[in-house]
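I opened a new entry for this model.

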Amino acid sequence: MGRLTGRLFVFFTTLLISFIAYSSQIFVIWPWYGREFSVELLQLLVPFNVLVGLLFWNYRLCIITDPGTVPPTWRPDVNDEDGYEVKKLTRGPRYCRTCENYKPPRAHHCRQCKRCVLRMDHHCPWVNNCVGHFNYGHFIRFLFYVDVACSYHLVMLVNRVIGSATYWDEPSGRELIFLVLNFATCIPVLLSVGIFSLYHFYSLLGNSTTIEGWEKDKVATLVRRGRIREIKFPYNLGVRRNIEAVLGPRPLLWCCPTVPPGNGLKYPLAGGDDSSGEEWPPKDPDVYVYPDEDPNHRFELPASPWTYENGSYNPDLQPTTTRRRKAAGTTADGPYAAVPPYHPDYGRETYPVYSEEEDDDDNDDNVYNHGRPREFVRSGSEGYEVRPIDREAMLRRYVEDRTTEPGRYQLYVPDPPSEPESGAEDFDEVVPLAEKLERWRATSA
């Protein structure tokens with residue numbers, strides 16, 4: 001994310017919070033109380049503005065506080081009693097190739113910030129900053145105050161609606177417009193941020209980050225499939241100590257901005273952990289581990305592209321025109337080698353002698369017509385040559401074969417038309433009706 005785009009996200013978030021916080025007070029609550037200061041008005045708005053102020057304070061700290069960066073001179077203490085995090089492949093200390101520096105426990109490289117962040121949780125575009133060790137507490141408090149302030153805001157608006165319906169104090173047109181706008185903006189914010197807050201409150205109680213939550217899900221899947229045994233998360237110290245590791249040791253100051261304990265380079269481990277000595281996250285035993293790259297290795301092309309196993313040639317490999325090579329021998333067109341050009345024996349004066357005992361099929365293939373060899377159909381990687389098929393003729397033969405099968409269909413054969421019998425009735429049928437009428441009138445007269 002670019003610098004300008006991040007600032008636009010921050011500006012939009014600040015504008016949205018300001019609209020929800022102050023438009024409701026100016027255009028809804030203030031007219032509702034008659035546009036006059038009173039004790040009831042102060043009792044309603046002072047707590048709300050305190051929540052809004054704490055919200056803006058923690059939001060500003062999330063933006064300007066550095067989440068923590070790995071010092072360039074930091075090196076892992078390999079003699080530490082608690083051990084140190086290692087890479088899955090080399091079993092050595094974690095190392096960031098992008099930053100070209102070692103990584104402490106729970107640190108990860110952020111592609112947006114282009115640096116390694118201590119106890120990285122995620123990169124938040126709404127604060128234009130990474131959420132890490134030194135600003136994760138501010139981020140938790142920011143989410144908490146957003147939930148509380150939005151809930152308080154909705155309670156005020158609902159009371160305004162109930163008051164208009166109970167005391168016949170209908171809002172004006174401007175009040176109605178801002179009521180609808182505040183409901184339309186506050187409810188989606190409360191739902192989205194509320195769900196997001198529940199996840200982070202759950203992570204806070206377990207002393208895990210978003211990245212570590214994904215790792216715990218993968219470990220649970222491997223345990224469920226029986227690939228590894230169950231391993232306890234090493235940084236889960238208990239609910240009370242987990243909260244103190246982020247918000248500080250004093251519960252009365254958990255809602256106030258404070259500096260988190262520690263320097264972000266080392267974290268205490270859970271006591272009595274039965275998974276001591278195991279790496280986190282545990283690796284999947286079924287995954288192939290690639291060996292380390294040899295820095296002195298130089299790739300060289302082989303002398304011949306036709307290799308077999310350890311660089312030799314396949315002795316069973318034969319060309320597609322083997323039969324023709326066997327039968328032709330030496331002809332006017334020249335000698336035909338019995339081996340392909342890439343075989344070691346190709347080009348020598350003596351060729352392997354084949355047995356003359358061939359099957360009937362082979363003898364048929366070796367027949368010559370009038371001194372000319374039989375034309376072979378191309379096969380192998382080039383495909384097969386086939387004659388074009390007349391689909392209409394194929395369909396006609398198929399229909400004829402199916403219909404002439406005895407007992408499959410009952411064919412209807414119409415009777416031939418019968419010949420008319422000779423006589424007067426046949427003659428009357430031929431005489432027109434008008435002529436018959438004239439004859440009847442003549443005989444009646």
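I began with contacts, meaning heavy atoms within 4.5 Å. Among those in the chain between residues at least 6 apart in sequence, 65% join residues at least 24 apart. I noted the ground rules next: this is a predicted model, where local features need pLDDT of at least 70, side-chain atom pairs count only at pLDDT 80 or more, and totals for chains, interfaces and linings use all residues. Residues are numbered from 1 along each chain as its sequence is written, and side-chain values use heavy atoms, with hydrogens and water left out.

I then looked up the overall make-up. The chain has eleven helices and ten strands. These are DSSP runs, numbered from the N terminus: helices are H or I with at least four residues, strands are E with at least two. Of the 445 residues, 32% count as buried. Buried means under 20% relative accessible area, exposed over 50%, partly exposed in between (1.4 Å probe, protein chains only). The chain exposes about 31600 Å², and carbon and sulfur atoms supply 57% of that. Accessible areas come from the Shrake-Rupley method with a 1.4 Å probe; for residues, only the protein chains shown count as cover.

Next, a helix pair. I found α1 (residues 3–32) packed with α4 (residues 173–206) at an angle of about 145°, axes 9 Å apart. Axes are lines fitted to C-alpha atoms, for helices over the stretch in contact, and angles run from 0 to 180 degrees between N-to-C directions. Which residues meet? On α1 they include F19, F27 and W32; on α4 they include F178, L181 and V189. The residues of this contact divide into twelve nonpolar, four polar and two charged.

I turned to N135. It sits in the loop between β6 (129–131) and α3 (136–166). Is N135 buried or exposed? N135 counts as buried because its relative accessibility is 1%. A polar atom of the N135 side chain lies 2.7 Å from the backbone nitrogen of G132. Leaving aside neighbours within four places in sequence, N135 is in contact with C62, T65, P67, N129 and C130.

Last, I checked backbone angles. R35, not a glycine, has a positive phi of about 60°. R35 lies in the loop between α1 and α2 (39–64). It counts as exposed because its relative accessibility is 52%. K114 also is no glycine, and its phi is positive, near 60°. K114 is in the loop between β3 (108–110) and β4 (115–117). At 68% relative accessibility, K114 counts as exposed.

Technical notes: Polar contact = N/O pair within 3.5 Å; in protein donor to acceptor, adjacent residues only side chain to side chain. Nonpolar A, V, L, I, M, F, W, Y, C, P; charged D, E, K, R; others polar.
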